Each structure stands twice: as structure tokens, then as C-alpha cells.
Amino acid sequence: MAMEIATPIHAPVTSPASNLIISATTAVETQKKNRIQVSNTKKPLFFYVNLAKRYIQQHNEVELSALGMAITTVVTISEILKNNGLAKEKKVLTSTVGMKDDVKGKIIEIVLGKSDKFDSLMTPAPEEEAVANMGEKPVEAEAHEGKKE
């Protein structure tokens, strides 16, 4: 006599712990890929400027955010990109948040979009591009190195 063994079908687990894990995963997946959280103590100013250029190039916009004393750094980064014709301001949001000991902290978020001139300004000159691709000095630079003036 043959005996059938029933294979249980696993129902989705609905315990609070698994919901928490699913929620955390979803939050990580939906986190903005074009957001830069700026600190005025971690990296130099032009690290953030160059990173913002790269994000604008990849995502057509960048969101810069900062707390407290780093707010001036975000504003400076934004102004550098705008003054160089690389970005245009899309949105500025300021707010305050409660912190320890009932102190209010200030937050700023600035969203910059790609300017109309961005691609032409970011395209390197043919000589610069050749040097960057080869990782070598231009021939003219090598010729001048051997000469004493």
C-alpha cells in the first residue's frame, strides 16, 4: 500500500518581527540614490561639489541636505554649481527638528537639477579626454620636461 506524504505549503509569515524586516528592506530600497548628506567636518568642500556633479550627471538632479553648522557648506556647494552654470535650483526646504534637551536643530535640503548647459560644460576638451583615457601626459609636456630653460 503506497502512502502519500503531503508537502506543507509555507504561508507567508506575518509576525511583527518579519514585518519589521520587510519594512526595513523596503526603506533601504526606496532610499534616494541622488541624496548627499553634507558634513562640514568629514570631507573637503570640493569633494561634495564633484560628487554633486556626478550625481547630476547620473540622475539629472541631486539633493543636498545638512544639519546645523553644515548648512553653510550646502549653500556654498549649491552656489558654486549654479554660478558655474552646471545646475539650477529646483527646491529649497528648511525646517527644525527636536533634539536632545529640547534643543531645536535646523535642517536644509536643496534640490538642484541639471542645467541646459551642463552636458556641454562637463564634456572635456579632446586633449584632456585623451590624457584622462591614457593616464599619460600629453606629448608636448614630455618634450618640455627634458629641456632646461
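Two strands are taken to pair if DSSP finds at least two bridges between them. In this predicted model, strand 1 (residues 35-37) and strand 2 meet that description, pairing in the parallel sense over 3 bridges, and within strand 2 the bridge partner of arginine 35 is glutamate 63. The mean pLDDT of the protein is 76, with 62% of its residues at 70 or more, and the points below therefore begin with confidence, since where pLDDT is low the predicted coordinates should not be read in detail.

**Confidence along the chain**

- Among the elements of the protein, the lowest mean pLDDT, 42, belongs to helix 1 (residues 16-30), whereas the highest, 96, belongs to helix 3 (residues 71-83).
- Over residues 6-30 the pLDDT stays under 50, and for this stretch the model has 2 contacts beyond four places in sequence.

**Strand 2 and its neighbours**

- Strand 2 (61-67) is mostly covered, 5 of its 7 residues being buried.
- Together with strand 1 and helix 2, strand 2 makes a right-handed β-α-β unit.
- Strand 2 is also joined to strand 4 by 7 bridges, and these two strands run antiparallel; within this pairing, glutamate 61 stands opposite glycine 113 of strand 4.

**Glutamate 63**

- Glutamate 63, which is found in strand 2, has a relative accessible area of 6% and therefore counts as buried, the cut-off for that term being under 20%.
- Besides being the bridge partner of arginine 35, glutamate 63 is joined to arginine 35 through the side chains, by a polar contact of 2.8 Å.
- When residues up to four places away in sequence are not counted, glutamate 63 touches Lys32, Asn34, Arg35, Ile36, Glu109, Ile110 and Val111.

**Helix 3**

- Helix 3 has 13 residues and reaches 18 Å from its first C-alpha to its last, which is close to the 18 Å expected at 1.5 Å a residue.
- The buried residues of helix 3 are Ile71, Thr73, Val74, Ile77, Ser78, Ile80 and Leu81, and these buried residues pack against helix 2 (45-59), strand 2, strand 3 (87-98) and strand 4 (104-114).
- Just after helix 3, glycine 85 takes a positive phi of about 75°.

Definitions and conventions. Residues are numbered from 1 along each chain as its sequence is written. This is a predicted model: local features need pLDDT of at least 70, side-chain atom pairs count only at pLDDT 80 or more; totals for chains, interfaces and linings use all residues. Side-chain values use heavy atoms; hydrogens and water are left out. pLDDT is the predictor's confidence in each residue, from 0 to 100. Helices (H or I, at least four residues) and strands (E, at least two) are DSSP runs, numbered from the N terminus. Contact means heavy atoms within 4.5 Å. The expected span of a helix is 1.5 Å times one less than its number of residues. Buried means under 20% relative accessible area, exposed over 50%, partly exposed in between (1.4 Å probe, protein chains only). A polar contact is a pair of N or O atoms within 3.5 Å; within protein, one must be able to donate a hydrogen and the other to accept it, and residues adjacent in sequence count only if both atoms are side-chain atoms. A crossover is right-handed if, with the strands pointing away from the viewer, the path from the first strand over the helix to the second runs clockwise.
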